[in-house]
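Please look at the sequence and the fold.

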Amino acid sequence: WIRSPLEGDIEVAGLTRLFHLGLIQDPADRREILAGIIGAIEAQLADLEGLGESIATQTQGVPPEVRDIVRFQVATLDYGVAAHRAGLAWFKALADAED
């Protein structure tokens with residue numbers, strides 16, 4: 001299970017594997033598992049950033065009556081991007097410490 005690709009909520013899946021990572025004896029195996037987590041975060045981050053670029057184009061000239069709705073929806077996406085960037089940096093630092 002711990003070596004399987006991450007699915008669903010990347011944060012939950014990654015942290016669950018992290019919690020059990022100490023049970024893996026071989027440092028190379030641990031690095032491989034961390035690389036899988038990092039890859040999954042990078043892929044999801046790229047998707048979110050692409051969505052953000054698409055939304056930025058689509059939301060130009062939004063009518064005033066829906067501006068607040070769109071603003072908070074975009075803010076939700078911005079939070080997701082920031083959270084993924086922070087998680088990615090954190091997991092990369094952890095992986096670097098394994099070397």
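This is a predicted model: local features need pLDDT of at least 70, side-chain atom pairs count only at pLDDT 80 or more; totals for chains, interfaces and linings use all residues.

Q: How many salt bridges does the structure hold?
A: Side chains of opposite charge can pair when their charged atoms come close. A salt bridge is a Lys or Arg side-chain nitrogen within 4 Å of a carboxyl oxygen of Asp or Glu. The structure holds five.

Q: Which parts does the pair R3 and D29 tie together?
A: Their side chains meet in a salt bridge at 3.1 Å, N to O. R3 lies in the segment before α1 (10–20) and D29 in helix α2 (residues 27–58), so the pair ties together parts 26 residues apart in sequence. Helices are DSSP runs (H or I, at least four residues), numbered from the N terminus.

Q: Is R30 buried or exposed?
A: Buried means under 20% relative accessible area, exposed over 50%, partly exposed in between (1.4 Å probe, protein chains only). R30 is buried, at 18%. Its salt-bridge partner E98, at 3.0 Å, N to O, is partly exposed at 24%.

Q: Where do K92 and E42 lie?
A: K92 is in helix α3 and E42 in helix α2, 50 residues apart. Their closest N and O atoms are 3.5 Å apart. K92 is partly exposed at 37%, and E42 is partly exposed at 35%.

Conventions: Residues are numbered from 1 along each chain as its sequence is written. Side-chain values use heavy atoms; hydrogens and water are left out. Helices (H or I, at least four residues) and strands (E, at least two) are DSSP runs, numbered from the N terminus.
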